2 protein chains.
Amino acid sequence: MKDVVAGIDIGGTNTVFGLVDKSGNIISENSLKTTDYPEIQNFVSALVTAINKLMEGDAALKLIGIGIGAPNANYHKGTIELAPNLAWKGIVPLAEYIRKKIDVPVTLTNDANAAAMGEMIFGGAKKMKDFIVLTLGTGLGSGIVINGEVVYGHTGFAGELGHTTVVPGGRDCGCGRQGCLETYASASGLVRTVLQMLSDMREESPLRDIPPSALTARKISEAAAQNDPVALEAMDYTAEILAFGIANSIVFSSPEAIFLFGGLAQAGEMLFGPVRKYVDENVQPIFKGTVKILPSGVPESNAAVLGAAALAWNGLIR
Amino acid sequence: MKDVVAGIDIGGTNTVFGLVDKSGNIISENSLKTTDYPEIQNFVSALVTAINKLMEGDAALKLIGIGIGAPNANYHKGTIELAPNLAWKGIVPLAEYIRKKIDVPVTLTNDANAAAMGEMIFGGAKKMKDFIVLTLGTGLGSGIVINGEVVYGHTGFAGELGHTTVVPGGRDCGCGRQGCLETYASASGLVRTVLQMLSDMREESPLRDIPPSALTARKISEAAAQNDPVALEAMDYTAEILAFGIANSIVFSSPEAIFLFGGLAQAGEMLFGPVRKYVDENVQPIFKGTVKILPSGVPESNAAVLGAAALAWNGLIR
């Protein structure tokens, strides 16, 4: 028999899941549309059936745990709470519902914490005890590891660095406040910055020919790679604000590394170069040179399932 | 025999130390002038002699550990490193020097981390696993506890919240940068804010009759208690910036409580009231109402020795 865990990533649109062994090999995987199941019990039934089906594919496998990444997940309670992008309202005791059908440990956390766990168990942070993963997608998610443990805090919701205020009175944020880090340092923040630069600057740019609703971080990265002055300026400003947030995180927990992950991180050296420069300029002197700014060591395409699986393995191997 | 530890607080001017039992009773204490010992070996000899003398005072005592709070202390290494306010230059392996003369475990950390340990073992955080202590003196020190452990980070220097940048391009800080939290939210920050308000405002104020070099947080608190408009405005602004730093710490580690300690915290409700109001206004919605803002539960006069002693006890009782 070979021990495996199920790693499950629940998104607003799709839920992907896979069976993962201790070394981080995805043995089999599948997905279902989250939006097809507005009733949570129907979702749980469909998910459990699909996982059992993956298990039946290989009689030599033994399922010993389940890890789940989901929005607004409360690690302490195994619940999803008031998630704006999911149909299930209120407080959903998801871990309990699943455990009733599959009797193994079920652990739940948000996707950024799962990403941090994936980095620690299968990625670039294998030998690190203190690091932070920033997921730069539509928003900015963060998973903080201190002394080898993901930080959940008193409420279970710690690690919301995307909602650090970096510009008092700045851009409107989905959280209802203004000037949050994620309104600048994320894929959608970069798009907003380009619009600002198109307003501030007079230079010609192919970005002026794209409707704002069709602008993406990828198109901006491509323009920057072609030395478009607006795209380069926007990338630099994004890096500066991200570095500001990173420098303030460094004085808090003094990590060994910050891993950047997700859509915006795909910009590669165009982002990492200026981020490193601005962190070095802004960080308190005693921390200068102590923190590596690194790309994630987990392949983006598998990261969600591997992160959730890492959460399960972490609970089992300690 | 009764087990005791020695709690030692090394300051730039004075070093105070005492024997402390497991319940936090200070059995005896003494002090020496740090500045009398520019040579570290002479300091260690004098300190060890003085501790042995305290022990000789009561034959029923058994010394089982030593905890030290000191500036620029590295918990991981037991060293004091490049402390600007101490005569001992470079990296001083203080724990090792003391252990050579008294063969018990010796633990070292900075004074704010020691204060957090004191709060956890002897003060208001006895049942808490996630909290932050802010010491509002000449600077702003912080001790961060997550999951029952003080956060030291990769370098051993984590928890420098006083050097979070809160006003980019703002006031000059002793660390060489600008706009650090401690240049606003500390006893000396309050003094700087009063000077700013005296410049901005036209109101009469007794604070206009005090030379800036003689202004203190206490005098400003006293003026505020008399409803002086400049002092009240300065107190409110100080509370607003402090709350801004606190709100950004809450998204990081989601603590159960923030303890305010030191000179500025003596202002009591004049400070705590507006701090609570601004934290509530500024914190991310999911953390609203989850964090208590509290005065320290350790008496200020004994806090330094008790914090250092708590550090020793914490290492012994786990």
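Student: Which residue in β3(A) is the bridge partner of Thr15(A)?

Tutor: Glad to start there, with the reminder that this is a predicted model. Strand β2 (residues 14-20) of chain A is joined to strand β3 (residues 26-33) of chain A by seven bridges, and the two run antiparallel. In that pairing, the β3(A) partner of Thr15(A) is Leu32(A).

Student: Which residue in the hairpin of β2(A) and β3(A) takes a positive phi?

Tutor: Look between the two strands, where the hairpin has five residues. One of them has a positive phi near 90 degrees, and that residue is Gly24(A).

Student: And on the β1(A) side, which residue of β2(A) is the bridge partner of Val5(A)?

Tutor: Strand β1 (residues 2-10) of chain A pairs with β2(A) in the antiparallel sense, over six bridges. A hairpin with three residues links β1(A) to β2(A). Within β2(A), the partner of Val5(A) is Val20(A).

Student: How many of the seven residues of β2(A) are buried?

Tutor: A residue counts as buried when 20 or more other C-beta atoms lie within 10 Å of its own. By that cut-off β2(A) is mostly covered, and its buried residues number five.

Student: What span does helix α7 of chain A reach from its first C-alpha to its last?

Tutor: This helix covers residues 269-282, which is 14 residues. At 1.5 Å a residue, 20 Å would be expected, and the helix comes close to that with 19 Å.

Student: Why do the buried residues of α7(A) lie on the same side of the helix?

Tutor: The buried residues are Leu271(A), Val275(A) and Val279(A). They share a side of α7(A) because the arc they cover around the axis is only 55 degrees.

Student: Which exposed residues does the opposite face of α7(A) carry, and what covers its buried residues?

Tutor: The face turned away from the buried side carries Glu269(A) and Glu281(A), both exposed. As for the cover over the buried residues of α7(A), it includes α6 (229-253) and β13 (292-295) of chain A.

Student: Now chain B. Is Asn282(B) buried or partly exposed?

Tutor: Asn282(B) sits in helix α7 (residues 269-282) of chain B. Leaving aside residues up to four places away in sequence, Asn282(B) touches Ala243(B), Phe244(B) and Ala247(B). With Ala243(B), the separation is 39 residues in sequence and 7.7 Å in space, C-alpha to C-alpha. Because Asn282(B) has 19 C-beta neighbours inside 10 Å, it counts as partly exposed.

Student: In β10(B), which residue is the bridge partner of Leu134(B)?

Tutor: Strand β9 (residues 131-136) of chain B runs antiparallel to β10(B), and six bridges join them. Their hairpin has three residues between the strands. The partner of Leu134(B) in β10(B) is Ser142(B).

Student: Which residue in β11(B) stands opposite Ile146(B)?

Tutor: Strand β11 (residues 149-150) of chain B is antiparallel to β10(B), with two bridges between them. Opposite Ile146(B) stands Glu149(B).

Student: Finally, what kind of axis relates the two copies?

Tutor: Chain A superposes on chain B by a rotation of 180 degrees with 0.0 Å of shift along the axis, at an RMSD of 0.0 Å. The two copies are therefore related as by a two-fold rotation axis.

Terms used. Residues numbered from 1 in each chain as written. Chains lettered and ligands numbered in written order. Predicted model: local features only at pLDDT ≥ 70, side-chain atom pairs only at ≥ 80, totals over all residues. Helix = DSSP H or I, 4+ residues; strand = E, 2+ residues; numbered from the N terminus. Expected span 1.5 Å × (residues − 1). Buried ≥ 20, exposed ≤ 12 C-beta atoms within 10 Å, placed from the backbone. Arc of directions from axis to C-beta. Contact = placed C-beta atoms within 7 Å. Least-squares fit on C-alpha atoms with pLDDT ≥ 70 in both. Pairing = 2+ DSSP bridges.
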